[in-house]
Structures are given as C-alpha cells and as structure tokens.
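Please consult the sequence and the model shown here.

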Amino acid sequence: MGLTLLRHTAPEVAPGTCYGRLDLPPGPDFEAEARALIAGLPPVTRLLTSPLQRCRLLAERIGRAQGIAAEVAPALTEIDFGSWEGMAWDAVPRAELDAWAADFWHARPHGGESVAQFAARAAGFLAECSAADGWLAVTHAGQMRAAVHLLGRDPDWACRFAYGERLVLGADDLAVLAR
C-alpha cells in the first residue's frame with residue numbers, strides 16, 4: 001500500500017477564500033464526511049497528520065477507529081500564502097497575482113512561501129517516507145499536488161483534489177521521491 005495522502009474534509013470557509021496555513025475548523029458536515037471516509041479506509045500501520053485542525057481532527061477520528069495514534073508532522077502543513085491568507089481571491093491585488101503568475105515557481109508577492117520552497121518541504125517529507133507500508137497522511141491538496149508534480153506527472157501544477165480524495169503512492173513512486 002505504501003503511503004496514502006488523504007485530503008481533509010471540507011473546512012468551514014467562505015467559497016473563494018485563499019487559505020493555506022490558515023487554521024480553519026472542519027465544516028458543518030464533518031461528522032458525516034469523516035464517517036464515510038473512515039468506512040472506506042484499509043488498515044493503517046502509521047498515521048501522520050498536518051498540525052492544522054482541519055486535518056488533525058480527521059486524523060484523530062481515524063486513529064480512534066483504527067486503534068492507532070495520529071502523529072503530527074509539521075512538514076505536512078499547507079503552503080503559506082502570507083498576507084493573502086483569509087482574503088477572497090478576487091480581493092488579492094491584481095499586480096500581486098500577475099507577479100505570482102509571471103514566476104509561479106519563485107515569486108512570493110504575499111510574503112509567504114514560494115512554490116519552490118513549498119515543494120522542497122514536501123519533497124523532504126516524502127523522501128522520509130521511502131519505507132512506508134500502509135501509512136496514511138491526512139494532509140492538504142497542495143501537498144498532494146506537490147507529490148504529483150515531484151513524480152513528473154503534472155509539471156504545471158494543474159491537478160485538483162476534492163475534499164476527502166486520496167492519492168496512493170506505491171513503492172515505485174516512493175523510490176522516485178526518495179532520490
């Protein structure tokens with residue numbers, strides 16, 4: 001089974017809001033969403049989670065159901081959007097968005113992490129998971145996008161992951177990511 005990355009359930013946030021490290025609580029449908037996710041999970045040998053509550057609370061619920069403790073892994077935190085955190089995307093200054101688009105990999109007009117910095121953090125975490133077997137990491141869409149990008153499957157960071165969606169990384173994927 002390797003390592004499964006699981007995106008958190010829907011958070012409590014207005015549509016169109018920029019959030020990365022913003023510590024949002026799970027949304028009002030958390031209980032039903034968590035039950036459905038837990039019912040579809042295979043046995044887990046190690047359970048890791050982002051420290052943000054939208055992940056951590058889900059991981060704790062999974063841990064109780066599977067009889068395993070959730071371990072907080074700060075490297076699993078979502079990208080830091082700096083001054084954009086909590087802003088409506090359409091309120092972000094156009095010049096800042098243009099600067100980010102012009103150098104998507106390195107620009108940091110918001111003062112948070114660049115995509116390159118974030119990807120390096122994700123790569124470090126994934127490299128540490130080379131021996132994963134039955135591990136589950138409750139995390140964010142950005143971390144999942146970074147994994148797909150680092151595997152060479154999405155050079156433009158265009159993939160999307162729904163709330164509660166899983167990305168399974170097998171032994172071959174983990175060997176590539178460990179390099």
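The overall fold is described first, followed by the two residues.

The structure is a predicted model, in which local features need pLDDT of at least 70 and side-chain atom pairs count only at pLDDT 80 or more, while totals for chains, interfaces and linings use all residues. Residues are numbered from 1 along each chain as its sequence is written, and side-chain values use heavy atoms, with hydrogens and water left out.

**Overall fold**

Six helices and five strands make up the secondary structure of the protein chain; helices (H or I, at least four residues) and strands (E, at least two) are DSSP runs numbered from the N terminus. Read from the N terminus, their order is β-α-β-α-β-α-α-β-α-β-α. The protein chain has a radius of gyration of 16 Å, close to the 16 Å given by the globule rule for 179 residues, so it is as compact as a globular protein of that length. This radius is taken over C-alpha atoms, and the rule is 2.2 Å times the number of residues to the power 0.38. Along the principal axes, the C-alpha atoms fill a box of roughly 50 × 40 × 20 Å.

Of the 179 residues, 49% count as buried, where buried means under 20% relative accessible area, exposed over 50%, and partly exposed in between (1.4 Å probe, protein chains only). Among contacts (heavy atoms within 4.5 Å) between residues at least 6 apart in sequence, 70% join residues at least 24 apart.

| Residue | Location | Relative accessible area |
|---|---|---|
| A88 | loop between β3 (70–72) and α3 (94–102) | 32% |
| H110 | loop between α3 and α4 (115–127) | 5% |

A88 is partly exposed. Which residues is A88 in contact with, leaving aside its neighbours within four places in sequence? They are G16 and T17. The C-alpha atoms of A88 and T17 are 4.3 Å apart, although the two residues are 71 residues apart in sequence.

H110, by contrast, counts as buried. Not counting residues up to four places away in sequence, H110 touches D80, F81, G82, S83 and W84. H110 and L177 are 67 residues apart along the chain, and their C-alpha atoms are separated by 29 Å.
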